[in-house]
Amino acid sequence: MDALTLLPRIFDGVTGLALLLLAFWALASPRLFTGIVMFVAFGLMMSIAWVRLDAPDIALAEVAIGAGLTGALLLAALARLSAAQPAQESTSQSVKRKQTLRLFRWVPALLLAMVAAGLAYAVQSLPPDSPGLSADVAANIARSGVSNPVTAVLLNFRGYDTLLEILVLLLALISVWTLGGLSSRRTVSAGPVLDVLTRVLTPVLLLLSAYLLWAGARSPGGAFQAAAVLAAAGVLLLLAGWRPHPRLTGLPLRLVLVAGPVLFLAFSLTTIATGRNLMEYPPPQAGVLIFFLEAAATLSIGVTLVALFLAERPPDKEGQ
Amino acid sequence: MTPSEFVAAVLLIIGAAFFLAGTVGLVRFPDVYTRLHALTKSDNVGLGFVITGLAVQSGSWFVVGKLLLIWVLVLAAGASVAHLIADGAARRGVSMWTR
Amino acid sequence: MSAAHFFALVGVGLFCLGLYALIVRAHLLRKILAVNVMGSGVFLVLAALAKRTGNAAPDPVPQAMVITGIVVAVAATAFALVLMLRLVAETGRAKLPDERIE
Amino acid sequence: MQLFDLTLALVLLLTLGGGVWRALRGPSPADRLLAVQVFGTTAVAVLLLLSQALDNAALRDVAMVFALLAAVTAVAFVQRAWPEEGADHDAE
C-alpha cells in the first residue's frame, strides 16, 4: 500500500480515536468544567471528521455552533449553577449509597456492550456501496434554483424539514419563556480590550454571515451556518455587556422571531393554493424565492438562538 | 522539486516546529502566564509560517488574500484573548512562578 | 474497512458511550453533555453512511438532515440547561430527586 | 506536495495531545481554557493544510469561521464562568 492511500487512513484513525477519547473525558472527568472544555474540544474534532467525510456543509455548521454557541451556553449555565448552588458536602448516607450503586455499574455496561456489538454488526453488514438518493438529487438539481445539493435538499426538495425545524426552535424559545426564563445576571464590565474586540468582530461576523448566506446557493454555506454566525455575533455582544433597548424587546423582537416561520408558512400555503405540491417551487423563480426564504430564516434562527442564550423573558408589555 | 515548492516546504516545517514548541511549552511551563506565552507563539508565528508556506504553494492571489485575512483574524482574536486571560488571572491574584 | 464504515463504527461507539454516561452519571449537566455526545454519534453514523458512494460526491440528503439536527440539538440543549437551572432554583440540587436518600 | 501537506496535518493533529493533557491536568480553570485556544488555532492550521491537500476551497471558509469564533468561548469563560481564585464550585 503506498503512502498516499495509507496516510489518510492513519489520519482517519487518529481522528476517530481522538473523538472517542475526548467524549470519554467529557463525560468521565471529575470536574464539570473539565468536562465542558473536553466537550468543546470534541466538537472541534467532529468538524475535522466532517471534513474527512466530504461534508464541508456540516463542518461549517458544526464549527459555527460548536465554537460559537455551545461552549458559551454551557459555560454560562455552569456559572449560574455555581452561583445558585454552593459546593455541598455529600452526606455519609448518600456516599454509602453511591458506593453500592457503583458496584452495580457493570449491569448497564454489559447491556450497552451488547447494544454496541449489535449496532456495530448492523453497520458492518450494510453494503459498502449505496448511492442513496444522490442520483435523484443530481437529476433534479437543475430545476431546484441552486447548485449546492445540500442547500437544494434543505430549501427545495425537503423544504418542510427546514420549516418544521424553525418551528422547533421557536418552540424551544417559547418553552424557555414559559418557564419564566432566567433572571438577568450582573454584567461584568467589558474593559477596553474586550470592548474593542467586540467592536471589530461584530461587523466582520455580520459580513461573514451574509457571505455564507449568499455563497450557500453554490458552495458550502446556507441559512443555518449564516444564522449560527449571526447568533455568535449576538452572543459576543451580550457577553461584552450589551443589552437590547427595552423598546426593541417587545413587539419588534417578536416580529423578527416569527418572520421566518410566517414567511415559510405563507409560501407553503401559496404553493398548495396554486395547485402545486407543498413547497414545490416554480423552477424559473426558484433561486430568488429560495434566497428570500433563506434570508428570513437566517434572521429568525439567529435571533432565536441569541434569545435562547440570553434566556431572559422580555416583559409582555412595555412598562410591566 | 521546484524552488517555490522547496521554499513552501521549509516554511511549513518551521510553522509546524513552532506549533510543536508551543505544545511543549503548554505542557512543561510552570504557571498560567508562561503557558500563555508559549501558546501565543503557536498562534501567531506558527500559524503565520504555515499560512505563508501555503500561500507560496497556492498560486492564486484570491487564495493568498483569504489566507492572510484568516491570519489577521486569528492574530486579533488570539491577542485579545491572551490579554483577557492574563488580566483576569492577575486580578484574581494567581501568583507568578518564581525560581 | 472503508473510511465510511470506520466513522460509522466510531459513531456507534459515541452513541453507546453517551448512553452509558446518561445512565450512570447523576449530575444533570453531565446528562445533558451525554445526550449531546449520543446525538453526535447518530450524526456521525448518518453522514458516514452517506459517503458510501465510492469516489462520487456523497448523498446530500442525510447531510442536510444532520445540519438540521445540529441546530435542533443546540436549541434543545439551551432549553435543557434552563430546565436544569430552574430545578436547581426550586430544589437546590442539580440532580434528579431520589426518594430513598431523603 | 499533497503527501507533505497531509503528513504535516497529521503531525499537528498529534500535537493536540499536549493540549488535552494540559486540559485534564489543570490545575486552574484558566489552564484548561488555554487548551481550548490551542485546539482552535491548531484546527485552523489543520483545516488549511487539508484544504490545500484535498484541493477543497470550501475548507478555507470553515477555517475562517473557526478563526472568527474561536474567541467566543474564551470570552464566555472570562466574562462568566471564571470563578474567583480559591473558590471551587465545579466539583460535583
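Colleague: Why does V45(C) count as buried?

Modeller: Buried means under 20% relative accessible area, exposed over 50%, and partly exposed in between, using a 1.4 Å probe and protein chains only. V45(C) has 19% relative accessibility, so it counts as buried. One caution before we go on: this is a predicted model, where local features need pLDDT of at least 70, side-chain atom pairs count only at pLDDT 80 or more, and totals for chains, interfaces and linings use all residues. Residues are numbered from 1 along each chain as its sequence is written, chains are lettered from A and ligands numbered from 1 in the order in which they are written, and side-chain values use heavy atoms, with hydrogens and water left out.

Colleague: Where does V45(C) lie, and what does V45(C) touch?

Modeller: V45(C) is part of helix 2 (residues 28-49) of chain C; helices (H or I, at least four residues) and strands (E, at least two) are DSSP runs, numbered from the N terminus. Setting aside residues up to four places away in sequence, V45(C) touches A8(C), G11(C) and V12(C), where contact means heavy atoms within 4.5 Å. V45(C) and V10(C) are 35 residues apart in sequence, with 8.0 Å between their C-alpha atoms.

Colleague: What does A55(B) touch?

Modeller: Beyond neighbours within four places in sequence, A55(B) is in contact with V64(B) and L67(B). A55(B) sits in helix 2 (residues 32-58) of chain B. From A55(B) to R35(B) there are 20 residues in sequence and 29 Å in space, C-alpha to C-alpha.

Colleague: Which residues touch the most other members of the largest nonpolar core?

Modeller: They are W50(A) and L44(C), in a core of 202 residues. Helix 3 (residues 56-84) of chain A gives the largest share of this core, 18 residues. A nonpolar core is a set of buried Ala, Val, Leu, Ile, Met, Phe, Trp, Tyr and Cys residues joined through side-chain atoms within 4.5 Å. W50(A) has contacts in both chains, among them I58(A), A59(A), F43(C) and L44(C).

Colleague: What makes chain D more spread out than a compact globule?

Modeller: Chain D has 3 helices and 0 strands. Its radius of gyration is 16 Å, well over the 12 Å that the globule rule gives for 92 residues, so chain D is more spread out than a compact globule. That radius is taken over C-alpha atoms, and the rule is 2.2 Å times the number of residues to the power 0.38. The C-alpha atoms of chain D fill a box of roughly 50 × 25 × 20 Å along the principal axes.

Colleague: How many residues of chain D count as buried?

Modeller: The share is 72% of its 92 residues. In chain A, buried residues make up 50% of 320.

Colleague: What is the make-up of chain A in helices and strands?

Modeller: Chain A has 12 helices and 0 strands. Its C-alpha atoms fill a box of roughly 70 × 70 × 40 Å, taken along the principal axes. Among contacts in chain A between residues at least 6 apart in sequence, 73% join residues at least 24 apart.
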